[in-house]
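Please have the sequence and the structure open while I go through it.

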Amino acid sequence: MMFTKTIFNEALSCPTKLFYTKNDEYENQQKEDSFLEALAKGGYQVGELAKYKYSNDPITEEITVETLDYSEAISITNSKLNESKNVVIAEGAFSFKNFFVRVDILVRDGNKLKLIEVKSKSIGKNDVFIKGDKVKSSWQPYLYDLAFQTYVLEKALPNFEIEPYLLLIDKDEKANTDGLNQLFKVKKDINGRTSIVVDKSFKGFNSGNLSILREIPMRETINKLNTLPVPNVNVPLENSQLVDFIPWGPASIQVALSRKSPYVETANKVSGLMIANHTSMAQLFGRTVSQYDKLRKRNAFLEQYRREPIFADGLE
């Protein structure tokens, strides 16, 4: 199973959701919520408008990776990325190990890549993402979404310099066209897939409406975010540092369910459930090393070791 940014965001809100994500028996009933559907439509419209900020004619230039197939999308993205040292890609697909992301807009300029996450959320000149050492709750899902994408691209494309950005609606700007959203019609095909039809009257890059989309550099914010505890009541504070997740573990939590425990030798039939959380191993090793350094500096509790033959010539 590919670990997408959607699954990542669901896990942030509640880690238990990871179990139910791919289980049709527990399908999310909110998918049919009319209010959420209306919000999603607004997101599609802003996403389509954003393409014109970076491309004069995104339809003719075919900047969008349309396919939903993971492997095909990655192949098409790589092809587009290598076409030129200056290229714009919408809905590009990237993977690293079992992590998979679709990037709203990617702009290549030589060996630099602008990773642009488009949101229909508005922002004012006095809005902040992180205050002190606390992430503003209203911005939390957007920041971690972008942080996850940044991580995957940095691992998937180590030869490029990745610069993350948010593209938001500027509260302090006005659109030059009344009813701008009406020029972007939301439709669904026979398979239920949503797409946008742009009205022929829309003048694209020359419409004068693109100033309402504000591009915000997020590298400093992402770096700060990676040092802060994850603001999730379901995650213990000591396990909540993003940078402390052990790199050699296949997952944060492993669960094994069996009729008979494979770890206990017994003639009886045992229903065994094991939950092994090794997320805090990095912290455990860190504390052990730190405590040893303090004791070694004071030569405390060392006499019993000096008596052992192996340490006859010293403790080094």
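Predicted model: local features only at pLDDT ≥ 70, side-chain atom pairs only at ≥ 80, totals over all residues.

Let me begin with the cluster of rings that is made up of F96, F99, F148 and Y151, which are linked to one another through ring pairs.

Take F96 and Y151 to start with, an edge-to-face pair whose centres are 6.3 Å apart and whose planes make an angle of 80 degrees. Since F96 belongs to strand β2 and Y151 to helix α5, the pair ties together parts that are 55 residues apart in sequence. How exposed is Y151 in this arrangement? Its relative accessibility is 36%, so Y151 counts as partly exposed.

The pair of F99 and F148 is also described as edge-to-face, with 5.8 Å from centre to centre and 80 degrees between the planes. Here F99 sits in strand β3 and F148 in helix α5, so that distant parts of the chain, 49 residues apart, are linked.

As a general matter, nonpolar side chains in soluble globular proteins tend to be buried together. In this model the largest nonpolar core has 40 residues, and those with the most contacts inside it are L81, F94, L106, F129, L143, L153 and M218. Among the elements that give two or more residues to this core are the helices α1 (5-13), α4 (70-81) and α6 (219-225), together with the strands β2 (86-96), β3 (99-109), β4 (112-123) and β7 (161-170). Helix α5 gives the most, with seven residues.

If we look at L81 in particular, and leave aside its neighbours within four places in sequence, L81 is in contact with V87, I89, F94, L106, R108, L113, L157 and F160.

Finally, I would point out two places where a lysine meets a ring. K114 lies over the face of Y165, 4.8 Å from the ring centre, and the charged end of K121 sits over the ring of W139, at 4.8 Å from the centre of that ring.

Notes. Residues numbered from 1 in each chain as written. Heavy atoms only, no water. Core = buried A, V, L, I, M, F, W, Y, C linked by side-chain atoms within 4.5 Å. Buried < 20%, exposed > 50% of the residue type's maximum accessible area, 1.4 Å probe, protein only. Helix = DSSP H or I, 4+ residues; strand = E, 2+ residues; numbered from the N terminus. Contact = heavy atoms within 4.5 Å. Phe/Tyr/Trp six-rings, centres within 6.5 Å; stacked < 30°, edge-to-face > 60°. Lys NZ or Arg CZ within 6 Å of the ring centre and 35° of its normal.
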